[in-house]
Amino acid sequence: MVKISVIVPVYNAAEFLTEALDSVLSQTLRDIEIIVVNDGSTDNSNDILDVYKRKDLRLSVLQQDNKGPSEARNKGLLQAQGEYVFFFDSDDILDKKALASLYECAVYSHADLVIGKYDIYNGSSYRSVNNLDRLVKKETIDRFDKDILWTFSLWNKLFKRSVIEENRLSFEPVSYSEDGIFTMKFVFYANKITGCNKIINHYRRMPCAIYSSITSSVSEWKIRDYLTAHKLIYLFLKEEILNEYPQYIDFNSLLCNEDKMCQYVNEFLKKEINVLVNQFYRKFWTIDEKMVECLAVVISNLLKKINLDTYYQLAADMQDLHLDNLYSNYVEALADCRVSVALYGTSERADAFLKTLRSLASQTLVGMNIYIPLNMYTQVINAQLMHKNMVCVDCDSLALFYQKSLAQTKAQGILFTNDCFSYESGALRRMYLNMKNSYAEVCDNFIYLNIGNKAAACSWHSKAFCVNHRNERYIKRNLLLANKLIDTCFLKKVNLSLRGSNTELAEEITKKAIYIIEDSVNVIFEEGHSDADFIQYLTSINANYFQGMKHNHNVCSLADCRLERDMVEVYSKLMPSNKKKKYFLNKRDIIEMINKLPVQDKVLFYSTHADGRMGENLAALYKLVEGKKIVATHPLPHSQQWKLCMYYHFATSKIILLDDNADYLRLFPLKKEQRVIQMWHRCGIFEKFGIYNITSTEKLERASHIQYNLVPVSSESVKHVYAGSFGIDIEKVSALGVPATDKYFKSDYIDKIIATILKKYPQFASKYIVLYVPESEFVQSEMKFDFTDLSLKLPPNMLLIIASEKSSKALQDKFENIIEINDFSVEDLMFVSNLLVTDYSSIIFEYALLGKPMVFFCSDREIYSHNFYLDNWKDLPGEVFDNYDKFINYLMNIDRHVLTEKYYNFIDKYMNACDGHSAERIAEMINSYMRG
Amino acid sequence: MSKRFVFLSLHRSSLKIDFLCLKHLIEQYNSEYEIDIFWNNVDVQEKNKVLSIRQEISVLELIESDWIGIEGFLAGILNNKTVNNRYLFLEPFDYLFGINWNKNSCRKLLLGYTHVVTFSEFWAEQILRYKKGQDIQLMRNVELPFLSSMHDKSFVEKCRVKLIRDFSVLIDKKIIYVYLTGQCVNVDAFDAMNLRQVLENLPEKCIIITNSIYLRRACRVLKSGYKDKFIYVKENDCIMEILMMADYLLSNDSYCCSLFASMNKPYAILQYSNNYFERYIEKKHPFCIVKHSDFPDLLQEIVTDSYRSPMIEEIMMRGRDSVIKKIW
C-alpha cells in the first residue's frame, strides 16, 4: 500500500498546474500516488496532464464532465489506495517536505488526522499565517478545540483513508464550504488528531492586493450553498455534542450548563457570521437587493443566537456596521452613509477613471456613496459599473464638482479624489475607522505605487511625512487630497471654501485640522511606477510645497546638509561603555578625553578582513584619495593598544572609510564635521545583513550604524534595503556605484588576468568554459550532481571549472573535461568563462556586469525567500533548474546560453549605478570635502 | 492675528479629551489659529517607516508657537533655547498621585515648561510648595477645558447625537459607565460574578457601558438579547461622548473620577489594578475606595442613590477662569 494518495481536482487550471504538479512530484516522500481528476477543463489543462502522466507513473488522470470539486474529489477517493489521503488544489504549491512531515507526525502519534500550517503565496513572496500556530503545536488536539473551526480547508491536513471508508465519508454536492462539512465530520470520526508545526501548503492568492475583491463575485447560489453547508455542519455538531453529553436531552439546557460547549458553539456561529458579513454582505452594492435583505435577516437571526461576549467581539471588529440594525435595502444604507467619495474625471481619460471607480466600487465599507461627474455617466453605464450608491453631479470644473459633492453629502467623512489613484478594497473602511476612533478630522495616508498590481510604498512620500526642514517654514502635511479622508463637519464648521485648486483647500485644512497619519491603508498612485513619477504629478498639480522640498536625489557632496547626523538621535542610540575601572582610568573616561582632540585633515581606511588586507572597495579608493591617509586593517579581535590607537583615529579623522561593521562608532559621538562613509563589502543585495541579520542585539547593531553619513550602493532600487538594514535615513544612501566593480569595465585589466590564467592553463583558450560556483556545501549528496555522468554528457569543446568559494573539495575523481581550480580566485576565473553556473552565490552581481549568461541550479528555491533579499527567484538573471536532467539538457545546448530579458532587468534593478567610474566619483567627493 | 499652538501628549495613558475640548474652545474664541497635535507617539522610533516625533518637534521649535502639554515631559525633547510659552495642563492624571513630592520631583515634573495651569487648588498649593527657585509661572483657578465645553449646549448635543447614532439603545437611558484602566493586571476579576443577576437587578431605565474586556468576557453566560442592558465599547472609543452623557461612573481612573466629582455626578472609585491613584486613595482616604468584588452591591447602591460619592479635595476641580483667555 502506498503511504499517501494525493487527490487533485483540476478545472481550467492550466496557468498554475505545472508548478503545482511539480511541487507534488518533487516531494521527498516518494511512496505516494497522485490522482488527478480533470473536472471537464476547457483550457489546455488536459494536455499538461498528459505530459505529466507520461513523465511519472505515480500520477494517474481521471476524466469527468464538469461536476464541481466535490464530485471530483469523491471520484478520486474511490480510486485512492494510500494509507492516508491528502487533498491538494491545482493552483497551490506544496512544500517539498510537506507530505513527509505530515506522514511522520501521523505515524509518530498514531493519528487519523494531522493538521499543518500554511502560508500565502502571491506569486513572488510568501506571507505567513499565524492563526494556526497554537493548534499545530499540540500533540493531541481535542475535537472540540475552537481553533479547528477556523481551519476548514483541506490542503493543510492529512486524512486516514480507513476512517473515510469506515464512515462512508464523501463530499456533499455543494459548491461552497464543502470542505468544511467533510473536515468537521472527519474530526468527530477520528480517534486522534495531532498537529504538525510545519508549513505544508503555499496557498496561492494572486498578487492582487490592490484589486483582490473585484474578481471574487457574489452570487445567490454561492450564498445559499454556504448557508446549506453550515446548516449541515451545525446539525452534525449538535448531534455530536449531545452524544458527548448524554445526560442532557435538550440542547439548550446543555449549552446553559456546559461552559465549554457553549463557547464552542458560539465560536462556530461567530465564524459563520464573520464569513457572511465579510465575504458576502460587505459586497452590498454589487449584489441583488433581495439577496441583501435575505442576508441581513440571516445574520440578524444568527446574532440572536450568540452570547453577549461573542456579540461584542464581533461588534468590535465590525464597527462600521450597526449589527443591531443591518441595512436590508439600498435606501437604508444611503440614508446612513459614513463616507462619501467625490471622484472627478473627464471622458478623455475614461479608462483611468473607470479603473479608479472600479476600485471604489469594490470597497468593503457598506455605508459609502460615490459622486461622479454627469458627463461620465454613459461610460460608467457601458462599463456596467453603475451601482445604486453612485450619484451624478452636473458640473464642469473640478473645484465646482468637489463643492457640489460636499454640499450634497450627509456622510461623516468625504474623500476628494481623481482618476490618478486607486484604492485597495479595504482602504475606505480602514480610513473611516481610523478617523472615527481617534477623533481626527483628517485621516492622512501614505501613498503606494502600483508595481505589477502589487502595492509598494512610495518611499519618497513616506519620507515627506517626516522630513526635517530646519530652515524652511514647516508645513505639516502634503497638499494632496486623494489620500485624505476629511470630516465633513469640520469642513463645514471652519467654513473652508473650495476654491481654484485642490491644493489650496489642502493647505487650509492643514492649518486647522487634527490629523492622524496611517501607513496601513493602500492609496495607490496609478500614473507611474516610481517616486519620480509621483513627484512629477505633484508638481503638475501645482503643489508648491513639493517644489520647495528636496527630492531624494543622490547627494553629490559630503558637505550636503542631508548627510549631517541628527545628534539627538545619535545620543539616544549610542551605547557608551560601562564606567568600569580597568586600569588607572575607566574606558569611558579615556574615550571622552581622546574625543576632545581636534579633527585632523586625514582619511582613515578601516578594514577588519581576516587576511589583514584592505577590502576591494577601500583599495580602489585608496589610490584616488589625496592627502594624509591612515590604513587600519588589523583583523579582529583588537588588542588593548590597538583599540586605544583606533579610538584616537576615529576621534580625529575627518573622513572615516569602512567596509564592514566598526564597533568603535557605537561608543562615542563623532564631531559634526567628521564624515563616515560605509563602503559595504558586498554589492547588490543578497544575504540579509545589518539589523535584519543580527549577530548581537538590535540595540548594538543600531548603535554601530547610526553615525554613518554616506553609504554608496549599486543602484537606486537597493537604497531602501541598505537604509533599513542600517537603520539610517534613506537620504544617506546614495546610488554612487561600488568601486570594486570598476575593474569589470576595464578591458586592459581583464586582458591581463586572462593572459595570466591562460599561461597556466593554455587548454582554456580553445574551450567553451563553464564556471561552476556552488555555494551549497552538500553538492554531492543533496543536489545529486553526478560528475561522472556529467563528464560523459558534456559536449567535446566544453570544460567545466569548479571554483568553490568554500574550501570543501567538490570533486573526488579526475575527469578530462571537469577540473577544480583553487589557485585563481573566483573573480579572476569569471573573466575566462563563457557561462556561470551557481546555486546562490553572490558573485552573480559582479558576473552580470561582464555581459555573459548565467544559469542557476538550485535544489531549494525557497532559500531565496527565507535568507535573502532576492525574494523572488524569478528575478534571477538566468534560467533556474531544480531538475538535474533538465539542467544537463540546457548545458549541452549552447544555443540556449543567451542573455534574456530577465538578465537586463536584473542589471537595471540591482547594478545600474555601476559604470566603471564609481571610485572616481566617490574619491572626488572625499577630496573636495578635504579641500574644504 | 493668527496664533499657533502645539498640543503635546506623549503618554498612552492620557485621554487627551481636553485637547479636543480646547480646540473647540479656540475655534469659538477666534477663527485665526493653527494647530499641531502630537499624541501617543513617544514610542515611535522606526526610521524610514513612521514619523519621528523628535524630528518634527525639532522643526516646530523654530516656529512661533505656544506649547501645551498634558502629562508630557518636555525636558528630553525641547532645548532650553525655545522662546515660546510652554504650558503644562496639570490635570489630575495618574502620575501625579504616584509622585513622592519634594523639590527634585517637582523640578522634574515641570522641567521644560514656562507655565503650569492648575485646575485644582490642591495641586496648585502642592506646586507652590515645592517649585521654589524655579522660574515658572503658576496659573490658578482655571476651568478644565472639558468642563468649559459642558457649558456649550450645542457641543454637548453634538456629542449626544454621535453617541446615539452608534448606540441607539441609549435613548432615554441612565448610563452607568464602568471605565477601568490596567485591565491586564486583573484578568479574572469578574469571572466569578453572576452577571445575569446583576443585569436583571438593574432598573429598566439603566444601562451599563464599559471598556472592560473582562467584564465583557463574564457576559458569555448571557444571550445577546441582554445588549439593551450592557454595552461594551472597545478601548477608549467614544470616551468623550460617554463621559459627557454618563449619569454614573465606576472607575479606577483619576481623570474620570475627577470629572464626575467636579460635575457633582455620582461616582465610585473601584480598587482594581492597584495603580498610583488607587494606592493613593487607599492610603489617604481608605473609606473612599470600593473593592472590585463588591461591584454588584456597589452598582445597586449607586443607581438607587444610596451610595454617597466621596468628596476628595485632590480630585475636585473648581477653577472658573477661561483657559482660552489665560493663554491667548
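In this predicted model, Ile381(A) has a relative accessible area of 34% and is therefore classed as partly exposed, since that class lies between the 20% limit for buried residues and the 50% limit for exposed ones. The residue belongs to helix α16 of chain A, which spans residues 377-382, and together with Leu374(A) and Tyr377(A) it makes a nonpolar surface patch of about 240 Å².

Chain A as a whole contains 38 helices and 30 strands, and of its 932 residues 60% are buried. When contacts in chain A between residues at least 6 apart in sequence are considered, 74% of them join residues at least 24 apart.

In soluble globular proteins, nonpolar side chains tend to be buried together. The largest nonpolar core of the model has 229 residues, and those with the most contacts inside it include Tyr281(A) from chain A as well as Phe146(B), Phe190(B), Phe230(B), Met240(B), Leu250(B) and Leu259(B) from chain B. Helix α11 of chain A, residues 259-280, provides the largest share of this core, with 10 residues. For Tyr281(A), once neighbours within four places in sequence are left aside, the contacts are with Leu276(A), Val292(A), Leu295(A), Ala296(A), Ile299(A), Leu321(A), Leu326(A), Tyr327(A) and Val366(A). Another core, of 76 residues, lies apart from the largest one, and among its members are Phe668(A), Val733(A), Ile819(A) and Met830(A).

In chain B, helix α13 covers residues 295-303, and within this helix Phe295(B), Leu298(B), Leu299(B), Ile302(B) and Val303(B) are buried. Because the buried residues of α13(B) fall within an arc of 120° when seen down the helix axis, they line one face of the helix. The helix α13(B) is followed by Asp305(B), a residue whose phi is positive, near 60°.

Side chains of opposite charge can pair when their charged atoms come close. Over all chains, the count of salt bridges comes to 47. In one of these, the side chains of Asp320(A) and Arg429(A) meet with an N to O distance of 3.1 Å. This pair links distant parts of the chain, as Asp320(A) lies in the loop between α13 (308-317) and α14 (330-335) of chain A, whereas Arg429(A) lies in helix α18 (residues 427-438) of chain A, 109 residues apart. Asp320(A) and Arg429(A) are both buried. A further salt bridge joins Glu424(A) to Arg430(A), with the closest N and O atoms 2.6 Å apart; here Glu424(A) is buried, at a relative accessible area of 12%, while Arg430(A), at 28%, counts as partly exposed.

In chain B, a salt bridge is formed by Asp191(B) and Arg217(B), whose closest N and O atoms are 2.9 Å apart. This pair also links distant parts of its chain, with Asp191(B) in the loop between β7 (174-179) and α8 (195-201) and Arg217(B) in helix α9 (residues 213-217), 26 residues apart. Asp191(B) is partly exposed, with a relative accessibility of 34%, and Arg217(B) is likewise partly exposed, at 29%. In chain A, salt bridges that share partners join Arg134(A), Lys138(A), Asp145(A) and Asp147(A) into one network.

Notes
Residues numbered from 1 in each chain as written. Chains lettered and ligands numbered in written order. Predicted model: local features only at pLDDT ≥ 70, side-chain atom pairs only at ≥ 80, totals over all residues. Heavy atoms only, no water. Buried < 20%, exposed > 50% of the residue type's maximum accessible area, 1.4 Å probe, protein only. Helix = DSSP H or I, 4+ residues; strand = E, 2+ residues; numbered from the N terminus. Arc of directions from axis to C-beta. Patch = residues over 30% accessible without salt bridge, like charges linked within 9 Å, V, L, I, M, F, W, Y side chains within 5 Å. Areas by Shrake-Rupley, 256 points an atom, 1.4 Å probe, with all protein chains shown as cover. Salt bridge = Lys/Arg side-chain N within 4 Å of Asp/Glu carboxyl O. Core = buried A, V, L, I, M, F, W, Y, C linked by side-chain atoms within 4.5 Å. Contact = heavy atoms within 4.5 Å.
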